[in-house]
Amino acid sequence: MSSGTLYDKVWDLHRVAELPGGSTQLFVGLHLIHEVTSPQAFAALRDKGLSVRCPERTVATVDHIVPTTSQSRPFADPLAEEMLSTLERNCAEHGITLNGIGSGRQGIVHVIAPELGLTQPGMTVACGDSHTSTHGAFGAIAFGIGTSQVRDVLASQSLAMNKLKVRRIQVNGRLAEGVSAKDLILHVIRTLGVKGGVGYAYEFAGSAITALSMEERMTLCNMAIEGGARCGYVNPDAVTFNYLKGRPEAPSGEAWDRAVQWWRTLVSDEDAVVDDEVVFEAATIAPTVTWGITPGQGLGIDECVPTLEQLEPGERPIAEEAYRYMDLQPGTAIAGVPVDVCFIGSCTNGRISDLRAAAAVARGRHVASGIKAFVVPGSEQVAQAAEAEGLDQVFREAGFEWREPGCSMCLAMNPDRIEGRQISASSSNRNFKGRQGSASGRTLLMSPAMVAAAAVLGHVTDVRNLSLQPTA
Amino acid sequence: MNSFPSGPVDQVVGTALALIGEDIDTDRIIPARFLKCVSFDALGDQVFADDRSELNGEHPFDQQQFQGASILVVNGNFGCGSSREHAPQALMRWGIRAVVGISFAEIFYGNCLALGLPCATAPAETIAALQAKVLTSPALPWTLDLETMTFASATDQWAVAVDSGPRQMLLSGRWDATSQLLDQGEEVKRLMQLLPYLNGFIAQ
């Protein structure tokens, strides 16, 4: 076993060869595919007369285009139907397992692979989706790829990659009550910027990180990409192992004991050299909300939209664009900004603990008049678990719609979208112009509990001011 | 439209288009609703669809003076956000064959390389000067030369950078990695026999 960071060790384990161009051929341990970025890759394989090298290391689901109201087939949208039937055909032809609608295993690709136990420490994980960084929460090296690279992984189970530098994001202390992993990552991105992580993998470490649950760690690593870092990871520990134990695709019996033993050796060495380190104090972080058009334009809930003078010169042009687009003036307090639509879900915050946090706010309250609020579980398993706990009823009684699993309004490739200039409070990951389906629509990113709080008051508010009624 | 590149990419010659703005994400380059497709063929017309419709004909991709341009000059963190290869595909189907900017998002850069679309970088001051020049002289032909690492017109010459690995891949024509990866089939097999998680976690 080589020494260094977890990133170094996993990289070395998966290195196949150095390629003539100077990049490294890296073996991919788990290849996740979905309906949006794979059809052209399969078509290219067909054109080149190639087959899928490791269908058993390839796992498919359908998430981006699925409707969340009725999922009966054929879908009302013929393009969506064509995409799913193409995926079904490609998987059948190449012997790839497809976790389809109704299988009990369908859902957002970054929700299902962890919950099935497919994602494990020490693996390399690739998927044609930038939020593949999520899987780094397990101590895997996981990164998003484009369709040509999906083709390469299908054909060779490997990729041409260049090694990243490692920046340790050291978070000391404990997050305050009512402050979540979403707030932490929005704070990190706000501090280091949306391009701060370009060229780096982010290693999240420190007492505040080890105190996080697996689902919180997934939220954190999910948005590493929004900070420019293609991968984020957390060193595996007892929290990781406890989460994995007993999952359908996790090792069991004697193999489990051997696995844990091996996983422990992957952790970054005490004396591992990182290329950069940034230290945060967890206790100073407030619930954080974005006000602008990049995920780096964030504010603590008690803060105001910055004036140009408060910003670095390089940030001013995009701030001016954001003032115009968001119709938010410098100096406006973010608390109190009215919202139209509230969305709880996505690969960032569509897991059971996210729904519990939102339900604790919603229980015994009601969505404010004129607000459309809906909850989209991240997977069929999440939906089942939530329904078993009665969370669906809590949400329905509070005036939220309870939907079927999928990516939904995170990127609005299905019928869920904001209209016109509507402004959404969203537990998703991107507030880019036009992201949620309307070319002039606006998005405020925040934690699921903060979205629920915005839904019941009709405007952005500090969830810590609302009493909570968590599940027993 | 020019055909897509094949073989060595040492030079890109053509007029340029300046697109000003930091952090232009791939949702803007190609909005998600256009990802509902099983082929990339129609994407050229849809590039920057929402930005163009907002500017009502005044977007650089619509302006008469930039039609036929093949080199895009951008600012920092271009192509951030979603991994969609639809973004470089849309740019290329519109006619772009090279991008010059301050910096590029990682996944976008890799997607471009896999299509033979060079992304060259230059300092912010150089880019500002280049964009000003392109805006005032849109008909001026430029050459991005990966051998000499320059971006030049008849009157100007600027130094640009391309990382050595991608540069070698483009110059040698080996930017399409598939065949190189397949050449190592035996090595992949050997590695698979050693990886603990593929072998019951039994030490090899």
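Predicted model: local features only at pLDDT ≥ 70, side-chain atom pairs only at ≥ 80, totals over all residues.
**View 1. Chain B as a whole.**
Chain B contains eight helices and seven strands. Its C-alpha trace spans about 65 × 40 × 30 Å along the principal axes. Chain B has 204 residues, and 50% of them count as buried. Take the contacts in chain B with a separation of 6 or more: residues 24 or more positions apart account for 72% of these.

**View 2. The open sheet of chain B.**
Seven strands of chain B form an open sheet with mixed pairing. Their order is 4-3-2-1-5-6-7. Strand 4 (119–121) and strand 7 (157–159) of chain B are the edge strands, and each pairs on one side only. On average, neighbouring strands of this sheet are turned by 30 degrees against each other, direction ignored. Look next at one pair. Strand 3 (residues 98–101) and strand 4 of chain B pair in the parallel sense, over three bridges. B:Val99 has B:Cys119 in strand 4 of chain B as its bridge partner.

**View 3. Helix 3 of chain B and its cover.**
Helix 3 of chain B covers residues 86–94. Eight of its nine residues are buried, so the helix is largely enclosed by the rest of the structure. Which residues of helix 3 of chain B are buried? They are B:His86, B:Ala87, B:Pro88, B:Gln89, B:Ala90, B:Leu91, B:Met92 and B:Trp94. Their cover includes helix 1 (26–29), strand 2 (71–73) and helix 4 (106–114) of chain B. After helix 3 of chain B comes B:Gly95, with a positive phi near 130 degrees.

**View 4. The three-stranded sheet of chain A.**
Three strands of chain A form an open sheet in the order 1-2-8, with antiparallel pairing. Strand 1 (15–18) and strand 8 (158–161) of chain A stand at the edges. Each has a single partner strand, so one side of each is left without a neighbour in the sheet. Neighbouring strands here are turned by 25 degrees against each other on average, direction ignored. Strand 2 (residues 24–27) of chain A runs antiparallel to strand 8 of chain A, and four bridges join them. A:Leu26 stands opposite A:Leu159 in strand 8 of chain A.

**View 5. Where chain A meets chain B.**
Helix 8 (residues 185–194) of chain B lies across strand 1, strand 2 and strand 8 of chain A. This helix runs at about 150 degrees to strand 1 of chain A. The contact between the chains takes 64 residues from chain A and 53 residues from chain B. Several elements of chain A each supply at least two residues to the side that touches chain B, including helix 2 (39–48), helix 3 (78–94), helix 10 (253–265) and helix 11 (316–326). Helix 5 of chain A gives the largest share of that side, seven residues. The residues of the side of chain A that touches chain B divide into 30 nonpolar, 24 polar and ten charged.

**View 6. Two packed helices in chain A.**
Helix 6 (residues 181–192) and helix 8 (residues 214–222) of chain A pack at an angle of about 25 degrees, and their axes are 8 Å apart. That angle makes the two helices roughly parallel. They pass in a right-handed crossing. From helix 6 of chain A come A:Ala181, A:Lys182, A:Leu184 and A:Ile185; they meet A:Glu216, A:Thr219 and A:Leu220 in helix 8 of chain A. The residues of this contact divide into four nonpolar, one polar and two charged.

**View 7. Strands 10 and 11 of chain A.**
Strand 10 (residues 200–205) and strand 11 of chain A pair in the parallel sense, over four bridges. A:Tyr202 has A:Gly232 in strand 11 of chain A as its bridge partner. Strand 11 covers residues 231–234 of chain A. In a regular strand, side chains alternate between the two faces of the sheet. A:Cys231 and A:Tyr233 point one way, A:Gly232 and A:Val234 the other way, and all are buried.

**View 8. Backbone details in loops of chain A.**
The peptide bond from A:Arg73 to A:Pro74 is cis, with omega near -10 degrees. A:Pro74 sits in the loop between strand 4 (58–61) and helix 3 of chain A. A:Gln157 lies in the loop between helix 5 and strand 8 of chain A. A:Gln157 is not a glycine, but its phi is positive, about 55 degrees. Is A:Gln157 buried or exposed? A:Gln157 counts as buried, because it has 25 C-beta neighbours inside 10 Å. A:Ala412 lies in the loop between strand 17 (401–402) and strand 18 (423–426) of chain A. Its phi is positive too, near 55 degrees. A:Ala412 is buried, with 22 other C-beta atoms within 10 Å.

Note on methods
Residues numbered from 1 in each chain as written. Chains lettered and ligands numbered in written order. Axes fitted to C-alpha atoms, helices over the stretch in contact; angles between N-to-C directions. Parallel < 35°, antiparallel > 145°, perpendicular 65-115°, else oblique. Left-handed = near helix turned anticlockwise from the far one by under 90°. Contact = placed C-beta atoms within 7 Å. Nonpolar A, V, L, I, M, F, W, Y, C, P; charged D, E, K, R; others polar. Buried ≥ 20, exposed ≤ 12 C-beta atoms within 10 Å, placed from the backbone. Pairing = 2+ DSSP bridges.
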